[in-house]
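Student: I have a structure to read and some questions about it. Can we go through them together?

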Amino acid sequence: MILKKVMLSALLFSVLSAGVYKEVPAAEKAELVVFQELESEESRETYEEILAEYTEETGTKIQLETYPSSDYRKELEAAFAEGNEPDVYTGSLQDMTKDFNDGRLHNFLYLYDEENPYAPGESWSSSLPAPVKDKMYISNKEIPGYPSSFETVRILCNKELFNSAHVEIPQTWAEFLESCKKLTDSGIAPLAFPGSSYREPAWQWLLNSFGNQTAGSLPDVLDVNKKNKGYVELNEFCKGLEQGTIDFHKEFFSPYERFRELAPFLEKDFENMTQKQALETFQKGEAAMVLAESSSIKDMESVTDGELSIEVIPVPVITKETDENSAEESVLCYVQPEMLYGINSSLKKEGEKLDIAVDFVQYMTSEKVQSRLAKELYVLPSNQNAVLPEVLEGFSISEVGARLPFFSGINEKHTEVVWKLLKEYISGNLSETEFSEQLQKSYETAEKEIKELNGWDITNNYGMPKTGECTMCAP
């Protein structure tokens, strides 16, 4: 980004430490209208303090409009309809992708590689965890904004219950199963697990981590983006199914076998438990572990007055002793940019104001601001250089991202089918052969429906380019 510089020493200010300075954009009296989704008064107060500091440092005034999630999109749509839309606003990846496709948002593609004025010498996106950055690409030429926070999933362990049973926190899958057995033998429920519906995310989180740990070279085989590896897209997966590359009778079966190994340690009424109930069970000390998103931590801290002793771990590593195809590294079972900053596409006509809006988003995603948001609001910051409070440290991303997200189904209808089959398998009502055969058949049926719906076939390469560059993969 090329900014007009104001060459006055009075406009230089300290950024993160003594001796580091940044020149601010011209038009120091500018004003930005910012819309943001915020639920609590505590959050608003924190943001207002941060914005006041930004105004003091840069001269740019911020008019902040905040709304709870129940009203936010309605108010935003009304502002656009009335011609009073904001210069900068926040939203989920799904909403911002839609707005970008509707022409409302500026393309951030070139900005990601520009030098970050709040971390001189580094590109802006270099502070993003790779799996978070990868999720931001609509195509290899389009990015709808910049993430300020993200969500990921971990296994929370109650250290007091582990200690009382003389059990070590597990690192590998074999150790995890052994820990579950020892906890059970000590009269402690190992894992609060929700299974009340196929829509419950925990089983999908686990299957995707298991599957990606043991997928071997399959993502490379399926991925057409040969120049720069990305995620396996739905059309790539459908092509692999039709051409016989994906076979649940053989190497693709491991994640379901791992889940079956876990089944004896699930509570008998797990099929009646929701994610909310699983978290409550863990909070009460009635189970030693639970799968949870980082956003759950703040609620737990408030309910337990910070007295719950928690260790946060990734999904345990499947070693080659368990599965010879294992890469022997944990894989994220879920990661998603949570809150994005987007810039109104109309600002590109105003020149300097666009530069100011970019500077504002860079400031809000800087190490200093992100560290404060993490400390005060328990927000998991997108800036991986931010300082995390102890309770969030275990959520920092250390694993690789999952490249193949279809182990639990390829659309909602099919996900329900996979969940029903999996429950029959872990209960013993289906043998391994019966389960794998029915699983394969269900995937092939769903693939055929999706292919016909989208008009995909071998003649049009299933809707993919034939040049070796997948337009739906991150560069």
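Student: How many salt bridges does a search of the whole structure find?

Tutor: Keep in mind that this is a predicted model. A pair counts when a side-chain nitrogen of Lys or Arg is within 4 Å of a carboxyl oxygen of Asp or Glu. Searching the whole structure on that basis gives 25 salt bridges.

Student: Arg-199 and Glu-412 meet in a salt bridge. How many residues apart in sequence are the parts that the pair ties together?

Tutor: The N to O distance for Arg-199 and Glu-412 is 2.9 Å. Arg-199 lies in the loop between strand S7 and helix H7, while Glu-412 is in helix H15, so the pair links parts whose separation in sequence is 213 residues.

Student: Is Arg-199 buried, partly exposed or exposed?

Tutor: The cut-off for exposed is over 50% relative accessible area. Arg-199 has 57%, so Arg-199 is exposed.

Student: Which residue forms a salt bridge with Glu-449?

Tutor: The closest N and O atoms of this pair are 3.8 Å apart. Glu-449 lies in helix H16 and its partner in helix H15, so the pair ties together parts 36 residues apart in sequence. Glu-449 is partly exposed at 38%. The partner is Lys-413.

Student: Which residues does Glu-424 touch, not counting residues up to four places away in sequence?

Tutor: Glu-424 has its place in helix H15. Glu-424 is partly exposed, with a relative accessible area of 36%. Leaving out residues up to four places away in sequence, Glu-424 touches Asn-429 and Leu-430.

Student: Where is confidence lowest in the protein chain?

Tutor: The mean pLDDT of the protein chain is 88. Strand S5 has the highest confidence, at 98. Over residues 1-22, though, pLDDT is below 50. Confidence is lowest, at a mean of 36, in strand S1.

Student: How many contacts beyond four places in sequence does the model have for residues 468-475?

Tutor: Where pLDDT is low, predicted coordinates should not be read in detail. Residues 468-475 stay under 50 in pLDDT. For that stretch, the number of contacts beyond four places in sequence is 35.

How values were computed. Residues are numbered from 1 along each chain as its sequence is written. This is a predicted model: local features need pLDDT of at least 70, side-chain atom pairs count only at pLDDT 80 or more; totals for chains, interfaces and linings use all residues. Side-chain values use heavy atoms; hydrogens and water are left out. pLDDT is the predictor's confidence in each residue, from 0 to 100. Helices (H or I, at least four residues) and strands (E, at least two) are DSSP runs, numbered from the N terminus. Contact means heavy atoms within 4.5 Å. Buried means under 20% relative accessible area, exposed over 50%, partly exposed in between (1.4 Å probe, protein chains only).
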